[in-house]
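Hello,

Here is the structure I said I would pass on. My notes on what was found in it follow below.

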Amino acid sequence: MYLKDHQHRSHDHIKNVSGRLNYLASWMADRGLVHVQDIRPDVLQRFQRHLLAERQVSGRTANHYIDAVHNFFGYAAFKRGVVSGTNPAATGRQAYLDKVPHGEHRPPV
């Protein structure tokens, strides 16, 4: 899955988001979850636990994985006309986190 939203995004950013979504997709496929509807809060919590415990990533990196999912859904909602505006990522959790003072934030588990 390669995101085609190239407006105002660097090539590295697009590559990182695509890689994170692809990793989530392969992690879900290993568990028999293959549909977009399978991305539920409990699945994302299990995915975060996997990232923190098994892959031993930082809380910030785990948040980036979940932000990729939120931004993907924000983009999909934007493209379908469900939300208005010009920035699909503004509908996701990253828009909120951008307003929070910087620092390490543990993801909700």
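Accessible area here comes from the Shrake-Rupley method with a 1.4 Å probe. On that basis, the chain exposes about 7,200 Å², and carbon and sulfur atoms supply 53% of that area. Please keep in mind that this is a predicted model.

The overall layout is simple to describe. The chain has four helices and zero strands, so that its pattern along the sequence reads α-α-α-α. Of the 109 residues, 33% are buried. Among contacts with a separation of 6 or more, 46% are between residues 24 or more positions apart.

Next, the core. In soluble globular proteins, nonpolar side chains tend to be buried together. The largest nonpolar core in this model has 17 residues, and the members that touch the most others are L24, W27, M28, F47 and L51. At least two residues of this core come from each of α1 (11–30), α2 (41–53) and α3 (59–79).

F47 is worth a look on screen. Leaving out residues up to four places away in sequence, F47 touches Y23, L24, W27, Y65 and I66.

Regards

Technical notes:
Residues numbered from 1 in each chain as written. Predicted model: local features only at pLDDT ≥ 70, side-chain atom pairs only at ≥ 80, totals over all residues. Heavy atoms only, no water. Buried < 20%, exposed > 50% of the residue type's maximum accessible area, 1.4 Å probe, protein only. Contact = heavy atoms within 4.5 Å. Core = buried A, V, L, I, M, F, W, Y, C linked by side-chain atoms within 4.5 Å.
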